[in-house]
Amino acid sequence: MIHSLFLVNASGDIFLEKHWKSVVSRSVCDYFFEAQERATEPENVPPVIPTPHHYLISVLRHRIYFVAVIQSEVPPLFVIEFLHRVVDTFQDYFGVCTEAAIKDNVVVVYELLEEMLDNGFPLATESNILKELIKPPTILRTMVNTITGSTNVGEQLPTGQLSVVPWRRTGVKYTNNEAYFDVVEEIDAIIDKSGSTITAEIQGVIDACVKLTGMPDLTLSFMNPRLLDDVSFHPCVRFKRWEAERILSFIPPDGNFRLLSYHVSSQNLVAIPVYVKHNITFREGSSQGRFDLTLGPKQTMGKAVESVLVSSQLPRGVLNANLNPSQGTYTFDPVTKMLSWDVGKINPQKLPSLKGTMSLQAGASKPDENPTINIQLKIQQMAISGLKVNRLDMYGEKYKPFKGIKYMTKAGKFQVRT
Amino acid sequence: MDAGLSSLRSDAVGAMRTALVSAESLQLSLRTGLSQEEQALTQNKHSPKEIHKSGNEDLKEMLESNKESLKLEAMKRVVGLIAKGKNASELFPAVVKNVASKNIELKKLVYVYLVRYAEEQQDLALLSISTFQRALKDPNQFIRASALRVLSSIRVSIIVPIMMLAIKESAADLSPYVRKTSAHAIQKLYSLDPDQKEQLIEVIEKLLKDKSTLVAGSVVMAFEEVCPDRIDLIHKNYRKLCNLLVDVEEWGQVVIISMLTRYARTQFISPWKDGAMFDENEKAFYDSDSEEKKDETEAKPYIMDPDHRLLLRNTKPLLQSRNTAVVMSVAQLYWHLAPKHEVSIVTKSLVRLLRSHREVQYIVLQNIATMSIQRKGMFEPYMKSFYVRSTDATHIKTLKLEILTNLANEANISTILREFQTYVKSQDKAFAAATIQAIGRCATNISEVTDTCLNGLVLLLSNRDETVVAESVVVIKKLLQTQPTQHCEIIRHMAKLFDNITVPMARASILWLMGEYCERVPKIAPDVLRKMAKSFTAEEDIVKLQTVNLAAKLYLTNSKQTKLLTQYILNLGKYDQNYDIRDRTRFIRQLIVPNEKSGALNKYARRILLAPKPAPVLQSAFKDRDRFQLGTLSHSLNTKASGYQELSDWPEVAPDQSERNVEVIEPIKEWTPIVGKAGKTKKTKSDEKFYSDDEEEKEEEGSESSGSEDSSSSSSSSSEESGSESEEESSEESEKTSTDSGQSSSGSEKSSSESDSDQKKKKTKKKTKKAPQKKSKPTAADSDSDENGNGPVAQASSSSAESSSGSESDSEDDSDSDSVAPQKKKSDAKSKPKVEVKSKKEVSLLDLDDFSPAPTNAPKSTVVSSSLLSDLEGLSLSNVSSTMQVTTPSFCPMKTYELLHHMSGKGLSAKYHFPRQPCLYEPSMVSVQVILTNGSDHCLEEIHIGDRSPGSLSIHCFNTIERLEQEASVTVSMGIDFSDSTQAANFQLCTKENQFSVSIQPAVGELLMPSSLNEQDFCKEQGKLLGMNETSATIAMATANSSSQAINKHILSVANVGQVSSSQNNFHRFAGRTVSSGALVLVSLELKESSTALLTINTDKSVMASMLLRDLKQALAQA
């Protein structure tokens, strides 16, 4: 299956390699570099590249390409999913997944890769098991390690892989028993010129942070489970119970994990939390363009819209923008033509606006298309789909845990065409 | 020795250098020769040393020191070197010494090093082997496993026999983890030495029998690498693999699913044949032990093999996996194996994957593109998910475009074209060009919009961007070719634009059009040729060729005006630099200009050049991708990747299905007796005589043939069938029991204590059973197949008639390893069908009981908790209710009602049914699906819902159907708020010409929606709805309806309610809410003696209650 792995940074240097079968020369990456050169944007590098003797399947995360070398037929998603899992694990271990972090922790990285894959076939990818095998580096531990010369590798051999519940280790102990759940929903929408919704759907996840002693058995029920159109679960969730009663019943992994991700279909009406009034014009022959943008809240159920960030890729002909925000700050990058406006909180009484002129390249023709506006926002304490957790119960342990549920709505791929 | 040599060398180099310095001034030629030599020398020995010396020397020192921390530090640095791809092989001797270190991390790092360099340093690597051999005997399973892992990773052919031995031993290890590692090692050994294949296959065969979920994925992987063609090894493990699948780790799932896909394609017959009987399948769904019956009913057109169904059923939950690869592999399995109408259940999950990372999107979109060509309907409802965002990467955009084009049809084309208009303006010009292509394809595929598209494209001709214009021209050219007659205008317009267009391809296209249709634009074409004659030399080759073509065609049609021009152009072409153009010119000249040599061909010149040309077909680039299995690398690349295995075609005749029997027959057989017993207890005394007869008969027969299974089978089969209805419960029970090993025995005790015979026997048996059970896998996953089998066995032998237990108990006793028992069972099962339909009684029993045990894919974990028991109760029952509600509505036969007969509707006929889904428009509405069919001899237009009388019920109408072709039918959905009454909804169904008054009157049961309650809640709610709110009646039940399955079926067919798990066998509870007001409706059915039952309905809607009661009474009284 997976033969070798190369990590390539944005400037095209291989800074780490790992081979699981016999060594593949790094010259195989030349094909990748070729494709990289051909692609205008980093995202445009094709994920699957055939070469005469190998196939390269790559994943781009945090501006690092993870290039896997494959020798024979394998489902490409298998490799892609695995590579993403590797990245997630790195992020989990080092907080960030950057070239520097990987280089600093090269030994841990190597140990991880060794455990995650045996002969090209995934072995242990569950972070709980990995953490028992290899302790994640912390500042304290690094210091202690340097003084005492001890190590990151777990002293005890893990029991996890053989425990009753493969995703949870035994003997977990906490003094404060707590379980937090974050219901985070993202709105993906395309709004057209006139402000009507072309498509909108809600993607939600429930992320959990569970720190409970022993082997708790949790059930989480919703007020309105019918909303959830399509769901995917962490392996710990009992599928049958969900099918029958629409109740999530599970023995949680220890620590942070994604319990559930769901989809609220586009058939349901999706509340769009903001509206945009825009007037972006370029006049033929003139070297000036007008830019006028106003944001306002809409269907927010009384909650404040926060951390609003508007960004737009202006046409290539725009040389500079001279704008005046009523609140927040804006930046325009004349090289990438990226305009971004950090609005902050929307005040319904005084709507934020960004007005001004754009200067165009002299003689350049009027752009065909007005730029698309991308919006990011956050609304606290509300799940836009209306999903509500009814109750959370714990069985199997005697203590009373502290429980908390937080709702949040964000904009996902929220685009306004102008 | 080495050091000595190197010092010698360096001396030599030194000497050479001094010599050089003196020689340099003397002879230049000598210098090059010498310096080459010098280079060779330094490269050989000197330079690596010089670069690494400082670093590696002290690493070596550190490694050889006594301090653990120093060694560790050194190893970390070595690993750092390896990671950077630097050569650290010379440290091998120093590193290998530490292989026996006590420090775990140091050891691990040494392993990393060994695996990397052992191949290069074979001799030295051998030093470490003995350490591993020792570790293979370590009491700790993890040490054994890691030793095997490293040992097998050392690619040194000399140790092949040692590896072979280690693998064989580990494959029999007690720890599943070690066995898993040995499965991995098989692949490694195979790639090192393919000669070991035969021996390795033996190990694989052994490991395939393994029941641990940990091992399954890895061994199938090994199977796929080593012997993918040995499909015969799978037969016996097929059902086990299917049942384990849910609990295998996700990576294993992918591998197993793709292997099973291949397997199924060789073993089952195609479910895609015409006239397939799907209702039969649905039955099979509930009836896993009806294989025998299947054989008999072979006469029917198509019946799905129950194993085939098993695979489909067990993979379905995996669509909910968080792992995208798993979802994709299930999707491809459904695509390649499921009956056509079932494939669409994967749609939603595939669309969900589109939210994932860019790379995942890319692969998923590719697969959807291929699927959407064949099955538009699958993805059409999700069309909007494929709308392009400006932030998408280009390859994602083009794929989405491809899919949108595939999905386009008459109904949605306007939406799609509007969307395309936005794309055409995109700043990403490559994408804009692709959009134009897509518009072209839509235009050819859907004749209605051809003109619109063409006009749109013509507008684009005045676009400022060259690529857009060029692409438009090319596409217009193709479109015009399909219908040239009406479009002189466009050709003229294009001729006008000709001067402004510079892209060669576009120019060439216009020229070709001019030539092809020169007779339609008689004035313009010669003028264009004149312009071309002027600029001929400056044009691109492709334009030149078309100019020559144009000239030739004009010469033939309009020689008076163009003769000289043509001559001129041909002369220019004759001396062109490009030989293609010279050739073409020469050919054309001979063809069109008559001279003595040209002969016969000349006469036909006109017919040759102006022959009508077939219009090009604009096709999807994904047209032929379906030759590759979906989800594979080959599919993604559209070329055959190395190691790709073709998916075979369905066999004409299914290979012997009894090949697979071994495993599953066992639990079935084991279950039968319980089942018989449970059935007995449940049917109570009313049927006692019936049953006791049966039992007597059984006993007789049993005693007649005490030892031989064959003859006793008729009786056992009858008992099996009769009992199978209660299998649901029994499996539920067994699930309960298996959830925790401690309780399992008590569970079995409970149930078996009901039978008063054979207590002692049972006790002893239980003892034998307990041992393996406790030890057995922690996961209760496979409860239905193996582990769980143990629980019931105890009950089984005790409760069943003595006759069968006589022979069985023997086998049971030694079947701890379940190797002996299966064989016997197999023979049992085979003989069953023959005797089955002996007596009338049995037949009737068969009919009412054909359903299967709940598919027990089972809960994932087993933890002792009080709540779990009740949890699990819900779990096993879930299958029934959920399948009835949502998952497979086909099970619960949807009654279709006539809305409009085609006679009274002047050809338009309408039928409706209640899909029992929550209404999309408003929650208080009942959703109704209307199927409109045009039975007239002309197209019907503008079908819509007309005026409704004021004050009538609120109705959400369907969108107007613009056009319905002859013989076509369309399904639309609408919502009606009946406000909880059975009052009919009257409205008018209108076409362009006519209006028909129609009415929809709902059955009372359709005004409900299922509500999920558990038993306690049910009782609590019931307590609140007493007195006035309670309606009850004693009803007579048809005997056929006394099984819980039949009851469920009947009740659910009448009313859209949800089943409530019940702890009592003779109690059935159902709960629902009225759609409009949400009032609770509780139905409970208590089975009484002599086929009567007490039916109680609690709700505050008393009218409804009485109506519902009447309906239910009727349904249950029917046989």
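**Close-up views of a predicted two-chain model**

**View 1. The interface between chain A and chain B.** About 10,100 Å² is buried between chain A and chain B, and carbon and sulfur atoms give 56% of this area; buried area here is the accessible area (1.4 Å probe) that two parts lose on being put together, summed over both. In chain A, the residues that lose the most area to chain B are Glu73(A), Leu77(A) and Lys240(A), which together account for 8% of what that side buries. Contact, meaning heavy atoms within 4.5 Å, joins 112 residues of chain A with 115 residues of chain B. This is a predicted model, in which local features need pLDDT of at least 70 and side-chain atom pairs count only at pLDDT 80 or more, while totals for chains, interfaces and linings use all residues. Residues are numbered from 1 along each chain as its sequence is written, chains are lettered from A and ligands numbered from 1 in the order in which they are written, and side-chain values use heavy atoms, with hydrogens and water left out.

**View 2. Helix α11 of chain B.** Helix α11(B), residues 213–226, has 14 residues; helices (H or I, at least four residues) and strands (E, at least two) are DSSP runs, numbered from the N terminus. Because 13 of the 14 residues of α11(B) are buried, the helix is largely enclosed by the rest of the structure, where buried means under 20% relative accessible area, exposed over 50% and partly exposed in between (1.4 Å probe, protein chains only).

**View 3. An open sheet in chain A.** Three strands of chain A form an open sheet in the order β12-β10-β22, with antiparallel pairing; two strands pair if DSSP finds at least two bridges between them. The edge strands, β12 (247–250) and β22 (389–395) of chain A, each pair on one side only. Strand β10(A), residues 217–222, pairs with β22(A) over six bridges, and Phe222(A) stands opposite Val389(A) in β22(A).

Key:
Expected span 1.5 Å × (residues − 1).
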